[in-house]
Amino acid sequence: MTSLSPLLKQATPVVVDSARGCWISGTDGREYLDFTTGIGVTSTGHCHPRVVEAAREQVGRVIHAQYTTVLHPPLLELTEKLGEVLPPGLDSVFYANSGSEAVEAAVRLARMATGRPNVVVFQGGFHGRTVAAATLTTAGTRFSAGFSPLMGGVHMAPFPYAHRYGWDERTAVDFALRELDYLLVTRTAPEDTAALLIEPVLGDGGYLPTPPAFLEGLRERADRHGILLVLDEVQAGVGRTGRFWGHQFADVVPDVLITAKGLASGFPISAIAAPTALMERGWPGSQGGTYGGNAVAAAAACATLDVVRDEHLVENARVRGDQLQAGLRPLQQRYPGISDVRGRGLMQGVEFAQEDGSPDAAAALAVQQATTGHGLLTLTCGPAGNVVRLIPALVVSEQEIRTGLERFEAALAEVLAGAAATA
């Protein structure tokens, strides 16, 4: 009998029968409040009627029209709609299928445009699982171990993870910028450095917001040295943080922006955006792909952007994100196993630590598993696996946040009370 690969690790035992909005109906007859959203993908909730209708209509017209062979209206419309929300000057777009593929396209463009070989990434970043993207990923060795050699030309600098260092944010930012400057004089000369690549909020690295002062420091150094600033908005973009783009908490504009996940409410599509003058510096024929910019996915993305605009979902993400964080913070006082609560918008992380401050991955996993039993779906993340992340859809309501918090605390009480009793 054929089965799924044993290398796939299921976060929950749930088998989905159907889903709508923030809720999943399992084949077990139970209803689950989904705070995973396919790892931040179903931005407008499951099966939003406008997204469903756009996809259904497009399936009846044309499913696949390879866009370097023949163009199709949904892709042209999507490009126009993206132009309304992209940062100023980023007026040229290339489409692919996944975040990994878009990351690799961004790196290829940066190297070709600058004629420089090296890329600097930051500790804890996640950029994908394909060979080049995995090389760029430092959110855990599980993403890059066991299939070396990896891509050359990648250098890592510290991320200003203030909680880990036990510092205030300003101290952590100053330290990380000094270490980046040191890297540029000891490992990769500016003249050899094509790009600085970073997420505005670390995803698999632990749901750590990148401090605005750090992004601004990166922008200043990129300008000074002729290096491109590439922002990986795969998970943080399209309203997730309570701003349309996660980097908009800082006074910066990237040279290249990468988007995917929430762009099409579950249909596979990704993109990189850059100024036309920069995109033109890539080599002719260096961009392409069979399924990139698929017609059905593009139609779904157009509908998604319309829903995000018309239903004011960026603002809802901000308000509901504040509500979620405000509900999580008191739990840190009631449950000593929680060492930190942080995030932006509907991208919140709860970090667990042992009494000596070391990561408590066992507690995080136990809580994540227990939430499923209480009808709430969550995920873990972080290099040590000691962070539970909560990622509701942008359509989540005030009552659904309340329900999620109640179910999350029930799981905490079950696990941490049990641990206390065992101790």
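Hi everyone, let's start in helix H8, where aspartate 223 and arginine 219 sit 4 residues apart, about one turn of the helix. Helices here are DSSP runs of H or I with at least four residues, strands are runs of E with at least two, and both are numbered from the N terminus. The side chains of aspartate 223 and arginine 219 meet in a salt bridge, 2.8 Å from N to O. By salt bridge I mean a side-chain nitrogen of Lys or Arg within 4 Å of a carboxyl oxygen of Asp or Glu.

A word on the source: this is a predicted model, local features need pLDDT of at least 70, side-chain atom pairs count only at pLDDT 80 or more, and totals for chains, interfaces and linings use all residues. Residues are numbered from 1 along each chain as its sequence is written, and side-chain values use heavy atoms, with hydrogens and water left out.

Back to our pair. Aspartate 223 is exposed, at 52% relative accessible area, while arginine 219 is buried, at 12%. The cut-offs are under 20% for buried, over 50% for exposed and partly exposed in between, with a 1.4 Å probe and protein chains only. Another salt bridge joins arginine 221 to glutamate 220, 3.6 Å from N to O. Here arginine 221 counts as buried at 13%, and glutamate 220 as partly exposed at 37%.

How many salt bridges does a search of the whole structure find? The search gives 19. One of them links lysine 81 to glutamate 77, with the closest N and O atoms 3.7 Å apart. These two are 4 residues apart in helix H3, residues 73–85, so about one helical turn separates them. Lysine 81 is buried at 14%, and glutamate 77 is partly exposed at 38%. Both belong to a network of salt bridges that also links Arg50, Asp306, Arg309 and Asp310.

Now for a charged residue without such a partner. Aspartate 34, in strand S3 (residues 31–34), is buried yet has no salt bridge; the nearest side chain of opposite charge, arginine 240, is 9.1 Å away. For charge, Lys and Arg count as positive and Asp and Glu as negative, with His and the chain ends not counted. What does aspartate 34 touch, leaving out residues up to four places away in sequence? Its contacts, meaning heavy atoms within 4.5 Å, are Cys22, Ile24, His46, Leu377 and Pro392.

On to the sheet. It is open, with 7 strands in the order S4-S12-S11-S10-S7-S5-S6 and mixed pairing. Two strands pair if DSSP finds at least two bridges between them. S4 (92–96) and S6 (154–157) stand at the edges with a single partner strand each, so one side of each is left without a neighbour in the sheet. From one strand to the next, the twist averages 20°. S5 (residues 118–122) and S6 run parallel, joined by 4 bridges, and phenylalanine 122 stands opposite alanine 157 in S6.

Our opening helix returns here: H8, residues 212–225, packs on the sheet, touching S5, S7 and S10, and its direction makes about 170° with that of S7. Axes are lines fitted to C-alpha atoms, for helices over the stretch in contact, and angles run from 0 to 180 degrees between N-to-C directions.

Finally, H4 lies across S4, S5, S7, S10, S11 and S12, running at about 25° to S12. Its buried residues include Gly99, Val103, Leu109 and Thr114. Just after H4, glycine 115 takes a positive phi of about 70°. Thanks, everyone!
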